[in-house]
Amino acid sequence: MHASTFGSILKRGAAALTLAGITAVSAAQTTPSARTYWSPSWMVSTQPIWGGDFVLPSGLPFQFNRQTIRQVARLSIGGAKLRVVISNEGGTAPLYIGAARVARHGEGSAIVEGTDRAVRFGGQAEVTVPPGARLVSDPVDLPLPALSEVAVSLYLPKPSQPAGFHFDARETAYVAGGDLTGAAQMPAAASQWSTRVYVSGLVVETPAPPATVVALGDSITDGNGSTPGANTRWPDALAERLAPRGVGVLNAGISGGRLMKDGMGRAGLERAGRDVFAQPGVRAVIVLLGTNDIGWPGGPFAPQEPAMRAEELILGFRQLIAMARAHNVRIVAGTITPNERGLEGTALEGHHSPEKDKVRQAVNRWIRESGAFDAVVDFDALLRDPARPIRLKAAMDSGDHLHPGDAGYEAMAAAIDLDALLGSDPR
């Protein structure tokens, strides 16, 4: 492929479409016996950065300048080569990258000796990403097994505002002065952040065409309440089940995500086009949304919004189903989990009330009984306390009564019927 193709700048959801184009060109330019494909192995959904008047701080610095950022992500499927997707979505100024490197991740900020590789864009070590754009790197010759962890290091030599932002990484990002992209380990004095910036996808070279499952959800899909750095979100556990089949799992969860309206990210109905249906090889989407559509109105997150009605939320699900049918993608729904006492005693409580729970129950009843989805995973029944069904079971609760903990997330992934998820796909 020509360098100009590698350097294409992609607006919003067009990045995944270009990855699909990379797959097609790779296949067309090789003989059938040597044919390979580019398959998405990890992604993070980007979010607009909110202002200081929002109920939660963004957790971001004002800017990065003459600093290196090292971030870690775990692949779902492995491959012979790797591409890195860089995002300046949400940025209002060009993003200048002075150097980029990738390596197998060791412990903490360390990389595995002998695995460090330079990342180039159209053959160049330095690249400028325009505001609102994404850029896909050249292939990096770094064989990686399924479920391996990758460290991506970016050097930002000029003042750079945070962009390509994701609020809850469940991983630590390390930031230190100077070009440390090739350092074996970041210095002990490096700053640490729990957010993601700039790095929004990892794509691997595979011998078979891409086969992808996307988890579209809110903070429960994003893994809030799971152990940071341990890869114990339910999409992580699902990736472990699907890795032997060569099926990639992409986590499109956003904390504060909603189906019908923007929350701490674009509305699920809007971002599904980019985060789900534009992904190469997408076979199925698992949607777990509704907690914040019901819980936010009248509370600290959306104090002026009117209450959500079950009929409105069901209409939104029907729209998402129609989108899935149009793209020939299987759609599996998770029932909305119980949340009595959710965030109790904090400034953020307000997700639960008897009236809100009636709406949750009505929507869950429709999810279970309507037959509108290709399959249903009854997360509500799985996680609820038998003695108090509107509350999370203690063994599954992270402690905030809204989000499951590691055990709850593991149980959620185990409850997914892989045959129902993939349908007739032979894998």
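Reader: How much space lies in the largest cavity?

Author: The model under discussion is predicted. The structure holds 6 cavities of 30 Å³ or more. The space in the largest cavity amounts to about 260 Å³.

Reader: Which residues that line the largest cavity are the closest to its centre?

Author: The lining of this cavity consists of 23 residues. By class, 10 of the lining residues are nonpolar, 6 are polar and 7 are charged. The closest to the centre of the largest cavity are Trp-42, Met-43, Arg-233, Asp-236 and Asn-251.

Reader: Which element gives the most to the lining of the largest cavity?

Author: Domain 1 (36–206) and domain 2 (211–426) each contribute at least three residues to this lining. At least two lining residues come from each of β2, β3, α4 (234–242) and β15 (248–253). With 4 residues, the element that gives the most is β15.

Reader: Is Thr-46 buried or exposed?

Author: Thr-46 is found in the loop that runs between β2 (37–43) and β3 (67–74). Its relative accessibility is 6%, and the cut-off for a buried residue is under 20%. Because of that 6% value, Thr-46 counts as buried.

Reader: With which side chain does the side chain of Thr-46 make a polar contact of 3.0 Å?

Author: Residues that Thr-46 touches, leaving aside those up to four places away in sequence, include Ser-87, Glu-89, Arg-134, Phe-165 and Arg-274. A polar contact of 3.4 Å links the side chain of Thr-46 to that of Glu-89. The polar contact of 3.0 Å is made with the side chain of Arg-274.

Reader: Which elements give two or more residues to the lining of the largest pocket?

Author: The largest pocket contains about 230 Å³ of space. Among its 18 lining residues, Leu-56, Ser-219, Asn-224, Phe-301 and His-403 are the closest to the centre. The elements that supply two or more lining residues are α3 (219–222) and α6 (291–295).

Reader: How many charged residues are in the lining of the largest pocket?

Author: Sorted by class, this lining has 9 nonpolar and 8 polar residues. The number of charged residues in the lining of the largest pocket is 1.

Reader: What is the volume of the second largest pocket?

Author: Residues lining this pocket include Val-72, His-105, Glu-107, Glu-149, Glu-171 and Tyr-174. By class, the lining comprises 3 nonpolar, 6 polar and 3 charged residues. The volume of the second largest pocket is about 170 Å³.

How values were computed: Residues are numbered from 1 along each chain as its sequence is written. This is a predicted model: local features need pLDDT of at least 70, side-chain atom pairs count only at pLDDT 80 or more; totals for chains, interfaces and linings use all residues. Side-chain values use heavy atoms; hydrogens and water are left out. Buried means under 20% relative accessible area, exposed over 50%, partly exposed in between (1.4 Å probe, protein chains only). A polar contact is a pair of N or O atoms within 3.5 Å; within protein, one must be able to donate a hydrogen and the other to accept it, and residues adjacent in sequence count only if both atoms are side-chain atoms. Contact means heavy atoms within 4.5 Å. On a 1 Å grid over the protein atoms alone, a cavity is a set of points where a 1.4 Å probe fits but cannot get out, and a pocket is an open set with protein on both sides within 12 Å along at least five of seven lines; lining residues have an atom within 4 Å of a point. Grid points are joined across faces, edges and corners, and a volume is the space filled by probe spheres set on the points. Ala, Val, Leu, Ile, Met, Phe, Trp, Tyr, Cys and Pro count as nonpolar, Asp, Glu, Lys and Arg as charged, and the others, Gly among them, as polar. Domain bounds come from an automatic or database domain assignment.
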